[in-house]
Amino acid sequence: MCNQYTQREICLINQLRMLWEQHVYWTRFFIISTASDLDDLEPVTNRLLQNPGDFAQVFSVFYGTKTAERFKELFTQHLLIAADLVNAAKNQESNKADEARRKWYKNADEIAKFLSAINPFWSEMKWKSMLYSHLEMTEKEATLRLEGNYTADIKTFDAIEKEALKMADYMFCGIIRQFFH
């Protein structure tokens with residue numbers, strides 16, 4: 001099961017896993033801070049919005065600055081739309097939530113298409129499937145948190161974390177196949 005990886009490859013998988021973990025954890029912190037009107041919302045939001053730039057740094061090594069910046073833009077949009085959705089749900093503004101949700105899935109489509117275009121080992125349909133699952137679970141997590149159903153919220157987050165690690169591993173495998181073998 002375990003392949004022989006170089007030190008550089010091990011560093012890459014660790015970096016990608018950390019970035020995806022940070023993505024879902026800082027998203028969770030944003031949801032909690034928003035739901036509970038915590039005073040840390042601004043610094044949490046700022047830290048969350050750092051994540052796309054951190055991904056772009058890794059991407060730039062393999063795909064160049066222009067491509068990395070495009071990923072950063074798409075991933076930042078993903079986060080900003082998610083914030084709109086959480087806030088609309090919190091404020092019980094169903095029309096705004098529906099519009100944010102539509103934009104969020106459209107953005108996921110754009111991310112999946114973009115990733116499959118830059119790496120021949122990344123399937124647009126596979127990315128779309130993983131991203132849709134991520135969106136569905138994240139919205140469920142936010143809804144459960146807003147409803148005060150913390151046990152189910154935590155259980156949902158456990159699934160989100162597992163999905164994030166799958167996305168990291170899929171991203172890693174594509175990069176390895178494209179650039180290392």
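Buried means under 20% relative accessible area, exposed over 50%, and partly exposed in between, with a 1.4 Å probe and protein chains only. The views below come from a predicted model, in which local features need pLDDT of at least 70, side-chain atom pairs count only at pLDDT 80 or more, and totals for chains, interfaces and linings use all residues. Residues are numbered from 1 along each chain as its sequence is written, and side-chain values use heavy atoms, with hydrogens and water left out.

View 1. The structure holds zero disulfides, a disulfide being a pair of cysteine sulfur atoms within 2.5 Å.

**View 2. Helix α1 packs against helix α6.** Residues 7-35 form α1 and residues 124-147 form α6, and the two pack at an angle of about 30 degrees with their axes 9 Å apart. Helices are DSSP runs (H or I, at least four residues) numbered from the N terminus. The two helices are therefore roughly parallel to each other, a term for angles under 35 degrees. The contact is made by Trp20, His23, Val24, Thr27, Arg28, Ile31, Ile32 and Ala35 of α1, together with Trp127, His134, Thr138, Glu141, Ala142, Arg145 and Leu146 of α6, where contact means heavy atoms within 4.5 Å.

**View 3. Threonine 27 is buried in the model.** This threonine 27 is found in helix α1, and its relative accessible area of 10% is why threonine 27 counts as buried. Leaving aside residues up to four places away in sequence, threonine 27 touches Gln22, Leu48, Leu79 and Thr138.

Conventions:
Axes fitted to C-alpha atoms, helices over the stretch in contact; angles between N-to-C directions. Parallel < 35°, antiparallel > 145°, perpendicular 65-115°, else oblique.
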